[in-house]
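The sequence and the model come first, followed by notes grouped by topic.

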Amino acid sequence: MKPSHIEHIGIAVNSLETAVTFYEKILGLKCYKIEEVADQKVKTAFFMIGQTKIELLESTDPEGPVGKFLEKKGEGIHHIAFAVEEIEEKLREAEASGIKLIDSVPRKGADGLSIAFLHPKSTFGVLTELCEDKRKL
Ligand code: CMX
């Protein structure tokens, strides 16, 4: 797939407000965007560090993916997202190699990206996201 970089690391938190305070006041990063992604049932906060973002994820529904994750595992790293080009082709390659896809077709994610998830059972327990910024093309 040859991803160019880690686009972001998603971290599930109980309270966006409390976690944003840590990232801003202790780590000294600047939150540049807060965005609700209704279909994913999350509210997100973004920080940039080098080429990589930190995406804090607060659940807006206990039955959503982050709500269920927090209930089962508690706060922590939720997923790692790799920046790729031609995401549709990369998904076909992954599927052909026997990787279980969550999204067989990319959809619109936070921060304007086209995103698709690979199932953590196929990726060594780490929920893996592919993403592409089509605006850069
Ligand atoms: N990382 C690693 N493992 C995870 C996981 C995660 N983030 N989320 C769930 N799992 C594991 C569970 O621990 C569970 O494992 P066991 O069977 O060994 O107990 C298994 O996957 C099934 O978990 P579940 O709670 O029953 O949840 P579902 O099967 O209903 O859904 C998943 C799991 C990964 C398919 C679902 O969370 C999903 O589709 N995720 C992709 C979308 C997403 O996470 N969106 C939020 C972020 C959006 C954004 O960044 O914009």
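Leu 118 stands opposite Thr 128, a residue of strand 8. The model is predicted.

- Strand 7 and strand 8 (residues 128-132) run antiparallel and are joined by five bridges.
- Eight strands form an open sheet with mixed pairing, in the order 2-3-4-1-5-8-7-6.
- Strand 2 (31-37) and strand 6 (107-108) are at the edges; each has a single partner strand, so one side of each has no neighbour in the sheet.

**Helices on the sheet**
- Helix 1 (residues 16-26) packs on the sheet and touches strand 1 (5-13), strand 2, strand 3 (42-49) and strand 4 (52-59).
- The direction of helix 1 makes about 155° with that of strand 4.
- Helix 2 (residues 65-73) also packs on the sheet, where it touches strand 1, strand 3, strand 4 and strand 5 (76-83).
- The direction of helix 2 makes about 135° with that of strand 5.

**Ser 114**
- Ser 114 belongs to strand 7 (residues 114-118).
- With a relative accessible area of 16%, Ser 114 is buried, because buried means under 20%.
- Leaving aside residues up to four places away in sequence, the residues that Ser 114 touches include Ile 87, Leu 130 and Cys 131.

**The largest pocket**
- The largest pocket holds about 800 Å³ of space.
- Its lining has 33 residues, and Pro 65, Phe 69, His 78, Pro 120 and Leu 127 lie nearest the centre.
- Helix 2 contributes the most to this lining, with six residues.
- The lining comprises 16 nonpolar, seven polar and ten charged residues.

Technical notes
Residues are numbered from 1 along each chain as its sequence is written. This is a predicted model: local features need pLDDT of at least 70, side-chain atom pairs count only at pLDDT 80 or more; totals for chains, interfaces and linings use all residues. Side-chain values use heavy atoms; hydrogens and water are left out. Helices (H or I, at least four residues) and strands (E, at least two) are DSSP runs, numbered from the N terminus. Buried means under 20% relative accessible area, exposed over 50%, partly exposed in between (1.4 Å probe, protein chains only). Contact means heavy atoms within 4.5 Å. Two strands pair if DSSP finds at least two bridges between them. Axes are lines fitted to C-alpha atoms, for helices over the stretch in contact, and angles run from 0 to 180 degrees between N-to-C directions. On a 1 Å grid over the protein atoms alone, a cavity is a set of points where a 1.4 Å probe fits but cannot get out, and a pocket is an open set with protein on both sides within 12 Å along at least five of seven lines; lining residues have an atom within 4 Å of a point. Grid points are joined across faces, edges and corners, and a volume is the space filled by probe spheres set on the points. Ala, Val, Leu, Ile, Met, Phe, Trp, Tyr, Cys and Pro count as nonpolar, Asp, Glu, Lys and Arg as charged, and the others, Gly among them, as polar.
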